[in-house]
Amino acid sequence: MRASFLLTVTVATFSRLACAVNSQAYNWKNVRIGGGGGFIPGIVFNEKQQGLAYARTDIGGAYRLNADHSWKPLLDSVDSDNWNHWGIDALATDPVDPNRLYLAVGMYTNSWDPNNGAILISNDYGDTFTSSPLPFKVGGNMAGRGMGERIAVDPHSNNILYYGARSGNGLYKSVNFGATWTKVTNFPSAGTFIPDPNDVYEYNNIIIGFSWITFDSTTGTNGSPTPRIFVGVANKGESNIFVSENAGATWTAVAGQDTTFLPHKGVLSPSENTLYVTYSDGAGPYDGTAGAVWKYHIPTSTWTNITPVSGGDLYFGFGGLAVDLQVPGTIMVAALNSWWPDGQIFRSTDSGATWSPLWSWNGYPNLQKHYSYDNSGAPWTGPNYPNTNPGTLQIGWMMEALVIDPFNSNHWLYGTGATMYGGFDLKKWDTIHNVTLEVLADGIEETSVRGLISPPTGANLLSGVADCNGFVHDNLDTPRPASYSNPTWMTSQDLDYAGNQPMNIVRVGAGDEETKQVAISSNSGASWSIHYGAPDGVHGGKVALSANADTILWRTEGNGVMVSQYQSTFTAVASLPSDAAIASDKKANAIFYGASGSTFYISTNSGQTFTSQGTLGSSTTARDVLVNPGVTGDVWVSTDAGLFHSTNSGATFTSISGVAEAWSIGFGAPASTGGYPALFAAADIQGKGYFRSDDAGVNWVKINDAAHGFGVISANVLTGDPRIYGRVYLGTNGRGIFYGDATGTQPPNTATATPTSSIPPITSNPPVTSNPPVTSNPPITSNPPVTSNPPPVTSSAPPSTPTVGPWGQCGGQGYTGPTVCAAGSTCTVNNPWYSQCLPN
Ligand SMILES: *[C@@H]1O[C@H](CO)[C@@H](O)[C@H](O)[C@H]1NC(C)=O
């Protein structure tokens, strides 16, 4: 399509911009939500250099610990062409040369990610990387991503590394510091466990593969390959822990192992000559209803079951596993998912003979919490986290990463599905049995951002954020106290403000709940009320609020376009296609716009009916409709064929020269008072990037640089700030929100100054690949409806569905079992992934 578009545009038009687009320096900073906002599957301390630690995320790259215990992002250079490098499936820090860091990167092993993975290699603690491509995909956001670490550096010969792949691709070895890799052909298993062979989303029907690699550093001598290497593989019902005694020449299954569950972690306690292993019945990170903890005493080849709980208390698998390298016999394990009443962590100071928990029952339903809780690093999370059962899950869930600082027995960290906790008084667990849990994720911003608006009054920025609801950003630099309330949704998908009454905001949710998913605010998002005219369970998409705030146009996800005026019941708008981009005029209350394919639409009767207007060249996908906030009928449309501008309400369009493709577009403050608003675009203008034009698309400057790639361009959202010239807000899929301010000198205009000669049109653009899904969670399956009461049980016939007993699971994303609770208990939503039958 782009090729034919190029043919219709004169070569002269293109060559005016054919010289490199000028860049302007921008200062980019995260808008601080604070405290992560997503799953942290791995945390790794370096055992040689004090204070050196890294964290990996599933959709937002890797981070390095700073001296002040904040975190520095290491992969902000990742751009749209290598977006899958934000999925980190494994991380190794070199125990010999601590400056060396290795990351196994790639997002999905299915079709959602078109690219193979790579090992990223750094010699400077992650400040810069080189890439060693792998011949297969890597699954940083796949099931089992919290197992690990599946990459390891030989502690005696650090040129040697092993990496255990997914999907049955096998074990790989490098002997040159990761530069090249060869398959270990004599390894006995590539993994057999598949979480769900019948998964229609083709997400859980793939072999997990390797789970961890652990060198026995007590064997061998410096300079020679370490003889003994343990390898964990995601197998169930067959051997899943293998060992080599001869530096990988031969491998055998470790004798005497229990093969009931999947080994999630295998951590060596060198001083005890012991390998500790946590197991869960699922690959994680959301599941786990049974599991075990075992230890293997290497000199005597003795396995001992040291599972902390049994019987009815064992309703979870085990994930995180920490060994205190300074205190032999002190170990900790985390319940992978104890969805109710809270996450759980156990600590032993006698090598697992006895354990003490982070909380215990103090006469049901009261908890005795052996901790004090400090979420000041991210007040919006913890008890305020927008799950549907607020106040629970303080300790967390999806707890695969659990570490004790090898240089400081008091310092510990663990990752959850939403943040990172830890503390600095861990030894108090063994004395007064009371420690301080703190959010210690400062600097980690790993949210997937869905919508951003910057109204001319009120807070400068409001966001819609996946899994964290969304926020009023009245301060860009301090952690958010709370997400939107009342209604609180897991995900707010989109927002809009009324042009003439900009304190009025509309917000739509992304449908994790079977509730009404439209909310309105008249005070710039400080408080909200539910729109009772919204149908239950309809969700997502795009929303537009009329200039005087009385009409809401909603392009839903999967339920077509709907409109509501004066808070009446939403009605279908048949005259606008169900995939249309929509916008409201910011001045004329009755006018809305839409665009779909190559057709532009207008409504002059408050969205009741739309008529088609001008065409958008050879576009096949219209993405954003943007309306000049000061001029009725001055509209822009971004499409797969470029950027289009109309000054007559869409009757005719001009295609903007030099823009091959555009995604999110937004207006900011004009360069001079009364001037045309600054136009920001995520676009392909001689390459994908982020651009600003101060003259309605004639001249452009590139505003992002090599250090700020912002990941996949098609998922990102942006808007300028109508009050601050040059300011842009950019929401990413995995690295939170950034704001950018111009710092460099404005470059000279080039569009009219460049000679119109000789440079051929751009022909080498890569094909448009299907966009990756924009969430850190697996695809949203339709949740079974959650009834607040069990259905009546009739005596005449047995219930046709099996019932779930007290405490059993009765719902959640991906759950396919029975959803009806036995009489006397009620199915209660803990979070989108887990509902449970709680006794009435
Ligand atoms: C631990 O300390 C906190 C904060 O002082 C307190 O609220 C909690 O009750 C203590 N837990 C126990 C079991 O004493």
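**Entry 1. Aromatic rings**

I started with the ring cluster in this predicted model. Ring pairs tie Tyr 162, Phe 187, Phe 210, Phe 215, Phe 242 and Trp 251 into a cluster. I then asked how many aromatic pairs there are by this rule. The count is 36. I looked up one of them, Tyr 690 with Phe 710: the ring centres are 5.4 Å apart and the planes stand at 90 degrees, so I noted the pair as edge-to-face. The pair links distant parts of the chain, 20 residues apart, with Tyr 690 in strand 54 (residues 688-693) and Phe 710 in the loop between strand 55 (701-702) and strand 56 (717-720). Tyr 690 and Phe 710 are both buried.

I went back to Tyr 162, a member of the cluster. I wanted to know which way the residues of strand 11 (residues 161-164) point. Leu 161 and Tyr 163 point one way, Tyr 162 and Gly 164 point the other, and all are buried. For background, side chains in a regular strand alternate between the two faces of the sheet.

Next I checked the partners of strand 11. Strand 10 (residues 151-153) runs antiparallel to strand 11 and is joined to it by 3 bridges. On that side Ala 152 stands opposite Tyr 162. Strand 12 (residues 171-174) is also antiparallel to strand 11, with 4 bridges between them. There the bridge partner of Tyr 162 is Lys 173. The hairpin of strand 11 and strand 12 has 6 residues between the strands, and within this hairpin Ser 167 takes a positive phi near 65 degrees.

**Entry 2. Arg 228**

Phe 215 belongs to the cluster and also turned up in the contact list of Arg 228. I found Arg 228 in the loop between strand 14 (210-215) and strand 15 (229-233). Leaving aside neighbours within four places in sequence, Arg 228 is in contact with Phe 215, Asp 216, Thr 219, Val 243, Ser 244, Glu 245 and Ile 298.

**Entry 3. Charges over rings**

I looked up two cases of a charge over a ring. The charged end of Arg 100 sits over the ring of Phe 177, at 3.9 Å from the ring centre. Lys 586 lies over the face of Tyr 497, at 4.5 Å from the ring centre.

**Entry 4. Ala 104**

I placed Ala 104 in strand 7 (residues 101-105). Its relative accessible area is 0%, so Ala 104 is buried. What surrounds it? With neighbours within four places in sequence left aside, Ala 104 is in contact with Gly 87, Ile 88, Asp 89, Ala 90, Ala 118, Ile 119, Val 138 and Tyr 163. Tyr 163 takes me back to strand 11, where this residue is buried. I also noted the C-alpha separation of Ala 104 and Gly 140: it is 8.1 Å, for residues 36 apart along the chain.

**Entry 5. Strand 54 and its partners**

I returned to the strand that holds Tyr 690. How many of the 6 residues of strand 54 are buried? I noted 5, so strand 54 is largely enclosed by the rest of the structure. Strand 53 (residues 679-684) is joined to strand 54 by 6 bridges and runs antiparallel to it. In this pairing Ala 683 stands opposite Gly 689. The hairpin of strand 53 and strand 54 has 3 residues between the strands, and Gln 686 in this hairpin takes a positive phi near 55 degrees. Strand 54 is joined to strand 55 by 2 bridges, again antiparallel. Arg 692 stands opposite Val 701 in strand 55.

**Entry 6. The sheet with strand 1**

Last, I looked up an open sheet of 4 strands, in the order 1-58-57-56 with antiparallel pairing. Which strands stand at the edges? They are strand 1 (26-31) and strand 56; each has a single partner strand, so one side of each is left without a neighbour in the sheet. The twist averages 20 degrees from one strand to the next. Strand 1 and strand 58 (residues 737-742) run antiparallel and are joined by 6 bridges. I noted one of the residue pairs: Val 31 has Ile 737 in strand 58 as its bridge partner.

Notes. Residues are numbered from 1 along each chain as its sequence is written. This is a predicted model: local features need pLDDT of at least 70, side-chain atom pairs count only at pLDDT 80 or more; totals for chains, interfaces and linings use all residues. Side-chain values use heavy atoms; hydrogens and water are left out. Contact means heavy atoms within 4.5 Å. Rings of Phe, Tyr and Trp (its six-membered ring) pair if their centres lie within 6.5 Å; planes under 30 degrees apart count as stacked, over 60 as edge-to-face and the rest as tilted. Buried means under 20% relative accessible area, exposed over 50%, partly exposed in between (1.4 Å probe, protein chains only). A charge sits over a ring if NZ of Lys or CZ of Arg is within 6 Å of the ring centre and within 35 degrees of the ring normal. Two strands pair if DSSP finds at least two bridges between them. Axes are lines fitted to C-alpha atoms, for helices over the stretch in contact, and angles run from 0 to 180 degrees between N-to-C directions.
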